[in-house]
Amino acid sequence: MKRSKRSTVWDHFNRKGEDEVTCKICCAVLKYSSSTSTMQYHLRSKHPQASSDEGQQTLPAMLSGRRCDARRSEEITQRICSMVVKDTLPISVICGEGFQELLGYIEPNYEIPSRCTITRRIEARFEERKKSLKSQLESTKCVALTTDCWTPLTTESYITITCHYIDEDWQVNSAVLLTQSMPSRHTAENLAAKLIDAVETWGLNGKVSACVHDNARNIVAANSPERVNWKSVPCFAHTLQLAVNDGFNVFVHRVIVAVGRLVRHFNHSTPACKALEDKQSQMKLPKHQLIQSCKTRWNSVCDMFGRLLEQRWAVTAVLSDRTVTRLQDARTLEIRDEHWQIMEEIAPVLETLKCATTIMSSEKNVSISNIYPITFSLLNTHLMRAEDDGHRVTEFKAKVRQSLSGRMQVDKDDLVAKPALIASVLDPRHKHLPFFAQTEKEAAKAKLIEMCAAMEMANAEDETAVSATQAGDKDRSQSNAMIMLLGDDYSAPRQATDYPEEVDIYMRDNPPSLDINPLDWWKANERRFPKLATLARRYLCIPGTSVPSERVFSAAGLTVNRLRSRLTPNHVDMLLFLNKN
């Protein structure tokens, strides 16, 4: 179909053949291919007066005629606040020349607010979101905490606390409660005081089931029964990493040092890095960079070994090239054949341990119930000696196995009382506890019955207290007469007899497959097992690791740096709270 209206740009040009046009004003010859963009640009740049007569307006001209009313101005301001929060930008970004030029082009009539105005808006948003989160937590009967301390580039110490709970629809919810400066010493007393203060501030007294933390002595002592009234749960990923490090100390640390030295050479030498890329192309290997291990990063040794094994022959070729690597450097950097063999043999073990850490680091799924099933699987299967294992790998497995067994306290008599094991029993996938002997299974079942009885007693006491309060408003003589007729023990709470049967039916049910979500199962079976469902909400909300607190560090690293050294601790807390919630 032909266009109904011809562009007015043709008033200034004539066609010259199929692919050329001539300007009527300056006789310039331009290329033409079904679009008038080139002609319009020519008019704007060479003949502005003629361009101003065009029917089509430029974007600034169009926007300059549009009125930026109060409603649109408010919307833009709110979006600027959202940009600062979501992208963890410094508030001073609004003072930048580039930002002001951009807004001046897009919305010429918009008056850019000051830093103080944006700060006040973000503070108001923080208070509003905080109030909303408090309201959500008020309706929650049980939460779990995670906590960790960290130090940004500004050398000021911070503590982060997150909370986790399961809502009425059996969905896991998480929130960052605070990220506060902690200038005082990180003693157990100070850390416990900070945790208790956070619990009181957010109205969580009596609702906290457990706090997940790393294995540092101060935070372990801070969560002891002498200082707090919730359970202490060590981070499983951190515990597993400590056990792996114990295995490294046998002999693998020598390999790690040698490999780390080689990787640093390639990461800091431009000629070596370029030569590695050339060798990768020649050998048709993936163009991957070598990975440097880091003590504070879980599984980094596994990643370093795996990448170096992948690039072994390309790396060897670069070290053998005397135009790139000097002979003296090559002798220092070359990996011994024994070390290559150790890496090849130990790589599958490290991959298994990495898989365990990855599974446990999930924040949206139930993880604490996987701790002991994974632990016993590692101890009884993956860390046992295989027929084709060399003596070095056998020693590594034995050391990791011994360390993990001790740190997880698998031989302790009170193992069934640990929150992680209770969570395993309350997870329908693991309730049959195949890694336990029959006597231990019976002990775990008895623990569930005991907890149901305690919960029943607590509920009865609450009901009695409510009844006593209501009775206080009645006529005392009538009350005394009723007691005389019916007896003092008439209203005493009766011991429930149905929860042992509930536990028994639950334990006898066939477990579902491992790929189902345990919370979906509880959502469908909550009415069948009401008491156990209450316990499941209390224990399955506990994260298996302190990863939720540690993930705040990445956003914190963007928020707290030398370019923003003037940020007050309150504003750090405010920006991270809004970013994560």
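## Aromatic pairs

This predicted model holds 16 aromatic pairs. Rings of Phe, Tyr and Trp (its six-membered ring) pair if their centres lie within 6.5 Å; planes under 30 degrees apart count as stacked, over 60 as edge-to-face and the rest as tilted. One of the pairs joins tryptophan 150 and tyrosine 158. Their rings are stacked, 5.0 Å centre to centre, with 15° between the planes.

Tryptophan 150 is buried because its relative accessibility is 8%. Tyrosine 158 is buried because its value is 1%. Buried means under 20% relative accessible area (1.4 Å probe, protein chains only).

## Tyrosine 506 and its partners

Tyrosine 506 and tryptophan 522 are also stacked, at 5.6 Å centre to centre and 25° between the planes. Tyrosine 506 lies in helix 20 (residues 499-508) and tryptophan 522 in helix 21 (residues 518-525), so the pair ties together parts 16 residues apart in sequence. Helices are DSSP runs (H or I, at least four residues), numbered from the N terminus. Both tyrosine 506 and tryptophan 522 are buried.

## Charges over rings

Lysine 431 lies over the face of tyrosine 506, 4.5 Å from the ring centre. The charged end of arginine 392 sits over the ring of phenylalanine 251, at 5.1 Å from its centre. A charge sits over a ring if NZ of Lys or CZ of Arg is within 6 Å of the ring centre and within 35 degrees of the ring normal.

## Basis

Residues are numbered from 1 along each chain as its sequence is written, and side-chain values use heavy atoms, without hydrogens and water. Local features need pLDDT of at least 70 and side-chain atom pairs count only at pLDDT 80 or more, while totals for chains, interfaces and linings use all residues.

Technical notes: Buried < 20%, exposed > 50% of the residue type's maximum accessible area, 1.4 Å probe, protein only. Helix = DSSP H or I, 4+ residues; strand = E, 2+ residues; numbered from the N terminus.
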